[in-house]
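Visitor: I would like to learn how to read a protein model, feature by feature. Could you take me through one?

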Amino acid sequence: MPAELTDNAIRVLEARYLLRDDQGTLSETPDQLFRRVARAIAAAEQKYADASSVEHYTEQFYQLLSNLEFLPNSPTLMNAGTGLGQLSACFVLPVEDSMADIFDSLKLMALIQQAGGGTGFSFSRLRPKGDLVTTTGGQASGPVSFMHIFDCATEHIRQGGKRRGANMGVLRIDHPDIRDFINAKRDGVSFQNFNLSVSVSDVWMQAAQQDQTCPLIHPLTGQAVAQVSARELLHSIAEAAWQTGDPGMIFNDAINRANPTPRSGPIEATNPCGEVPLLPYEACNLGSINVSRMVRQTSDGYAIDWQKLARTTQLALRFLDNVIEVSRWPDPRIARTVESNRKVGLGIMGFAELLILLEIPYGSAESIRLAEELMASIAQEARTASEQLAEQRGPFSNWSDSIEANSGPPLRNATRTSIAPTGTIGIIAGTSAGIEPLFALAYRREHVLGEQTLVEINPLLLRNAQRYGLEPEILQTHLAQQGTLESLPQVPETVRAIFRTALEIPPEEHLQIQAAFQRHVENAVSKTVNLPESATVETISRIYHRAWELGLKGVTVYRYGSKAQQVLYLGTTE
Ligand code: ADP
């Protein structure tokens with residue numbers, strides 16, 4: 001029996017995922033969508049096995065999807081089996097310092113976004129504003145100015161008519177235009193289609209810690225053009241993030257220490273939400289296991305079903321490798337890079353819900369231990385699955401050049417794991433997003449369905465209200481106004497702890513959870529450190545230092561209320 005979809009899941013599927021005929025009338029049901037996707041992805045088996053294998057995996061994948069145990073990223077759900085060959089969510093494109101190259105990447109960006117993919121760029125190679133352009137004798141406009149062109153193009157491409165595009169713009173901290181970049185979104189209107197990240201090195205973070213100066217370096221000549229206070233610059237990043245949520249930080253050395261194929265060059269950028277560092281022209285497809293469904297009932301509650309998790313991981317990894325097999329790419333350079341490394345990003349969603357089922361408070365020592373154990377197990381099973389696929393199908397073609405070439409049997413995929421935000425597939429699966437805590441126990445969600453607003457009261461809390469001695473009606477009225485259990489006196493402390501929400505969790509605990517997952521993930525981890533409105537710029541600076549010390553690959557903060565329009569609001573009444 002397939003799992004039941006929530007009302008919100010059905011609304012999201014109808015708005016964006018289910019196929020429509022020429023008149024715009026829905027032409028498939030959710031169940032047919034799962035069959036379409038399962039069949040299209042299982043077709044990859046043809047190349048390596050016989051028809052019975054295709055049948056076998058069609059059924060296996062269908063079970064996986066329709067039971068909401070695993071879902072691939074949105075482009076796979078939207079496009080698989082429709083004739084559209086682009087199934088990946090994540091791309092990085094180069095931006096070289098020439099007009100021809102910039103517009104070449106712009107064109108590719110348009111094609112990728114049209115099919116639902118997100119694009120990341122490093123603008124660090126562009127000469128600074130005011131620099132001489134020898135061919136024309138004019139002045140260069142600089143990276144931030146060029147970013148406007150990308151932003152504007154994205155604004156006008158409604159992805160497959162379904163969702164607006166998403167970009168990541170990265171600039172190195174030592175680029176002469178870094179201040180313009182840091183402040184680029186502070187007016188609240190520019191770069192609405194971009195997440196921004198400042199890329200910093202270990203040396204630079206040390207300099208900030210010790211209050212030393214660092215050079216700004218001209219990207220073409222390699223010469224220092226100014227010396228700046230590292231601490232002051234970090235402070236200005238924190239200030240901008242305090243005000244608008246952007247920029248985030250990416251830790252370039254941590255990323256490149258984990259680069260599986262350094263001989264193909266350094267990694268300079270990530271996909272839009274930061275969870276996949278990629279080479280230029282590289283793409284990655286993601287998928288997430290719904291861990292709230294990896295449990296079995298015990299005499300007094302729930303326990304993790306480790307065998308089910310292992311089986312699911314193996315099947316999911318095969319699914320993601322098959323996605324590469326049946327994908328078609330908008331450019332031969334992308335096809336080549338993807339084929340060389342075959343990166344996939346298997347992660348999880350529903351972590352907060354799992355903790356609630358196990359009655360473990362998010363952020364507690366026990367939750368951090370569980371995060372490690374869970375992800376270590378998934379990483380291990382994913383590696384085993386990738387080894388087995390390498391035996392049957394051959395390793396990724398860069399294998400002998402990769403950092404793992406001398407340390408074990410060949411792998412099919414240069415990376416196997418990543419933690420995505422699961423912003424939409426989390427709704428489809430009816431569980432909590434990625435590894436995030438519950439944002440609130442009741443909330444309004446804006447802009448998911450165009451002008452419509454989704455209202456959600458955490459069904460787990462409602463379901464378990466009586467067990468915890470709470471009157472469902474009182475709870476509902478209170479939550480609709482407040483969004484959390486705070487200030488509801490009859491709630492016992494233990495229950496309050498289990499249902500702690502994002503803003504009640506201290507930054508250090510957010511970071512500890514992120515770090516626990518990062519230790520067992522080859523790509524990166526999408527996680528937002530949510531802060532209450534009263535948080536200070538200093539708090540944010542400290543979070544940056546802590547994130548770096550913990551070995552994270554990036555960090556994003558969001559202070560409640562700091563965007564004119566945010567995606568989630570506390571409470572269900574305006
Ligand atoms: P989903 O739940 O829709 O599969 P996620 O929220 O997990 O997506 O995001 C995963 C990645 O998908 C992002 O990092 C980004 O690369 C891409 N992505 C997400 N939303 C968009 C969007 N609106 N446009 C383009 N790409 C997107």
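Guide: What follows goes from the whole fold to the ligand and then to a few single residues. This is a predicted model, in which local features need pLDDT of at least 70 and side-chain atom pairs count only at pLDDT 80 or more, while totals for chains, interfaces and linings use all residues. Residues are numbered from 1 along each chain as its sequence is written, and side-chain values use heavy atoms, with hydrogens and water left out.

Visitor: How many helices and strands does the protein have?

Guide: Helices (H or I, at least four residues) and strands (E, at least two) are DSSP runs, numbered from the N terminus. In this protein they come to 20 helices and 21 strands. The radius of gyration, taken over C-alpha atoms, can be set against the globule rule, which is 2.2 Å times the number of residues to the power 0.38. Here the radius of gyration is 23 Å, close to the 25 Å that the rule gives for 574 residues, so the protein is as compact as a globular protein of that length. Along the principal axes, its C-alpha atoms fill a box of roughly 75 × 60 × 55 Å.

Visitor: What share of the residues counts as buried?

Guide: Buried means under 20% relative accessible area, exposed over 50%, and partly exposed in between, with a 1.4 Å probe and protein chains only. Of the 574 residues, 59% count as buried.

Visitor: Which residues are closest to the ligand?

Guide: A residue is near a molecule if one of its heavy atoms lies within 4 Å of it. The ligand is surrounded by 23 residues, and the closest are S74, R164, N271, T422 and T424. By class, this shell has 9 nonpolar, 11 polar and 3 charged residues, where Ala, Val, Leu, Ile, Met, Phe, Trp, Tyr, Cys and Pro count as nonpolar, Asp, Glu, Lys and Arg as charged, and the others, Gly among them, as polar. At least three residues of the shell come from each of domain 1 (7-83 + 282-401) and domain 2 (90-270), with bounds from an automatic or database domain assignment.

Visitor: Which polar backbone atom is 3.0 Å from an oxygen atom of the ligand?

Guide: That atom belongs to A89. A backbone N or O atom of C273 also lies 3.2 Å from an oxygen atom of the ligand, and a polar backbone atom of A166 is 3.3 Å from a nitrogen atom of the ligand. Taken alone the ligand exposes 550 Å², of which the protein buries 91%; such areas come from the Shrake-Rupley method with a 1.4 Å probe.

Visitor: Is Y281 buried or exposed?

Guide: Y281 is buried, with a relative accessible area of 16%, and its place is in the loop between β12 (277-278) and β13 (282-290). Its phi is near 65°, a positive value in a residue other than glycine. Phi is positive also in E359, near 55°, and E359 is partly exposed at 35%.

Visitor: What joins D246 and P247?

Guide: A cis peptide bond joins them, with omega about 0°, and P247 is found in the loop between α9 (230-244) and β10 (248-251).

Visitor: Where does D174 lie?

Guide: D174 lies in the loop between β6 (167-172) and α7 (178-182), and D174 is buried, with a relative accessible area of 12%. Its side chain makes a polar contact with the side chain of R172 at 2.8 Å; within protein, such a contact is a pair of N or O atoms within 3.5 Å, of which one must be able to donate a hydrogen and the other to accept it, and residues adjacent in sequence count only if both atoms are side-chain atoms.
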